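Here is a walk through the model you have open, one region at a time. Keep the 3D view handy and follow along.

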Amino acid sequence: MTVTCELKDSWKQFLELVEKKCSSTEFHNWFSPIKVIPKDGDILHLEVPNIFVQEYLTDNYRDDLALFFPDLENGKPPIEFHVKQDKKPQKKQQANPIQKNTTFLLNKNYTFENFIEGPSNQFVKSAAIGVAAHPGKSYNPLFIHGGVGLGKTHLLHGIGHTIKNSSKNIRVQCITTEAFINDLIDNLKSKSVDKMKRYYRSLDILLVDDIQFLQNRLNFEDEFCNTFEALINQHRQIVITSDKPPSQLNLSERMIARMEWGLVANVGIPDLETRVAIVQHKADQKGLFIPSDIAFYIAEHIYLNVRQIEGAINRICAFCRLMNLKITQDIVERVLAELIHKNPSIRVTIDGILKSVSNVFEVKTSDIKGDSRMKNIALARQVAMYLAKELMDDSLQKIAASFGGKTHSTLLHAWKKIAKELKENEKLNRQVQIIKRNLKG
Ligand code: ADP
Ligand code: MG
């Protein structure tokens, strides 16, 4: 009994920790569905809804899961997954091929009115408004890409809201790529894929969030591409978001070409003035008055990610309400210091990558930057280029130039080759993991 309680408690604490570390979509998709199975022994038993969630967790959240075991030195966290056995009769499931949990509700705050525009996002916002006004008739697909927390999901939902408000009869589906894949897996299991296909192909508008999760999911990519083509051929609107432009996604040529058919638009990092407006707007929404010098201070210190701005406002708001204090520069400084301290983002540099790659591959950094085609040197060079593109925010041109003046197409070629090879080559995979770990200190 006590074992069970303790376990549940520590799992709850662990979830709170994880929730702070990842986005709410991530948390909702991957961590919320997990159930702890109380059993004696050192192994943690977790129940997951399907094999995909299990795979995804072990592939992408191993380090986070390891946090559950504070004494774990390194290596694999001792977890045993159990895929949930479906007790529902199949018939019932087949009646509704789209599982409830996968349909993706629109966030009520993510409207166009609440989206503050500036030079970095004006273009993409007007493209989104255009698509919402004339679905299937302007740009199709509309492909929105940009960094984390810059408003991609917000715009996607904005389109969904506008369309839903304009007509009750339009069939809109907004879904994350993970949910699409989950849906497909569930339907494969219950042998109702045809129904699912029919459902998706009957939509007027399909809004797909975070297409980057389709990378390395060969089987699902085909199915997605078929759905995509079927819809576009009938002039149904598709909107896709992604953390990278189509050409930089590790997807098939066919899929990339399809995504470039319509309009590709970037959401950039808002400039200072826009960030100040965002701070004011978010504070307004919370009924909080922020003097302009303080709004300016916040906007100056948080500059890469609007989600973080929101986080800061929430904290400041909570702090001031709790302590019954007026906002002052002093309070804001303290809150921000804590926030920035909690997210130490280690900057990856070319030098760091070269050093780490040269260690693991046992070649000289000068060789990596040089032109030698010797097999081991060329491989080390390609891995270094791959990592630089994955881990750095600089432009491809700039990154390529720092490899002894290579071109951006050489860089892309190297990146594609390694990305492909990583899927098949276990040793290379391990080497890359080691380098990444070294880079993160
Ligand atoms: P992404 O999908 O690009 O990671 P989100 O759309 O989830 O980012 O945005 C993160 C948060 O920042 C959301 O709460 C969103 O409302 C807010 N946000 C982002 N850009 C803007 C903007 N231009 N105006 C107002 N809020 C924004
Ligand atoms: Mg998003």
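Buried residues in helix 18 are Ala380, Arg381, Gln382, Val383, Ala384, Met385, Tyr386, Leu387, Ala388 and Lys389. Buried here means that 20 or more other C-beta atoms lie within 10 Å of the residue's own, exposed means 12 or fewer, and partly exposed is in between, with C-beta atoms placed from the backbone. Helices (H or I, at least four residues) and strands (E, at least two) are DSSP runs, numbered from the N terminus.

What do the buried residues of helix 18 pack against? Their partners are helix 16 (350-361), helix 17 (365-369), helix 19 (396-401), helix 20 (408-424) and helix 21 (426-439). Contact is called when two C-beta atoms, placed from the backbone, lie within 7 Å. Helix 18 covers residues 375-391, and its 17 residues should span 24 Å at 1.5 Å a residue; the end C-alpha atoms are 24 Å apart, which agrees. That expected span is 1.5 Å times one less than the number of residues.

## What you're looking at

This is a predicted model: local features need pLDDT of at least 70, side-chain atom pairs count only at pLDDT 80 or more, and totals for chains, interfaces and linings use all residues. Residues are numbered from 1 along each chain as its sequence is written, while chains are lettered from A and ligands numbered from 1 in the order in which they are written.

The chain has 21 helices and 8 strands. Its C-alpha trace spans about 65 × 60 × 60 Å along the principal axes. For 441 residues, a compact globule would have a radius of gyration near 22 Å, and the chain has 24 Å, which agrees. (The radius is taken over C-alpha atoms, and the globule rule is 2.2 Å times the number of residues to the power 0.38.) Of the 441 residues, 29% count as buried. Take the contacts between residues at least 6 apart in sequence: 71% of them join residues at least 24 apart.

## Four domains

The domain assignment gives domain 1 (2-83), domain 2 (100-267), domain 3 (272-342) and domain 4 (350-439). These bounds come from an automatic or database domain assignment.

The C-alpha centres of domain 2 and domain 3 are 32 Å apart. Their contact takes 7 residues from domain 2 and 9 residues from domain 3. On the domain 2 side, the touching residues split into 3 nonpolar, 4 polar and no charged. For that count, Ala, Val, Leu, Ile, Met, Phe, Trp, Tyr, Cys and Pro are nonpolar, Asp, Glu, Lys and Arg are charged, and the others, Gly among them, are polar.

## Around ligand 1

Ligand 1 has 17 residues around it, the closest being Gly151, Lys152, Thr153, His154 and Val306. A residue is near the ligand if its C-beta atom, placed from the backbone, lies within 6 Å of it. The shell divides into 7 nonpolar, 7 polar and 3 charged residues.

Where does ligand 1 lie relative to the domains? Domain 2 and domain 3 both give residues to its shell, so ligand 1 lies between them. Helix 7 (152-166) and helix 14 (306-323) each supply at least two of the shell residues.

His161 lies in helix 7 and counts as buried, with 21 C-beta neighbours inside 10 Å. Leaving aside neighbours within four places in sequence, His161 is in contact with Leu106 and Thr111. Ala128 sits in helix 6 and is buried too, with 26 C-beta neighbours inside 10 Å.

Most residues other than glycine have a negative phi, and most peptide bonds are trans. Asn140 and Pro141 are joined by a cis peptide bond, with omega about -5 degrees. Pro141 is in the loop between helix 6 (122-133) and strand 4 (142-146).

Lys191 has a positive phi, near 55 degrees, and lies in the loop between helix 8 (177-189) and helix 9 (193-201). Is Lys191 buried or exposed? Lys191 counts as exposed, with 11 C-beta neighbours inside 10 Å. His235 has a positive phi of about 60 degrees and is found in the loop between helix 10 (218-233) and strand 7 (237-242). His235 is exposed, with 11 other C-beta atoms within 10 Å.
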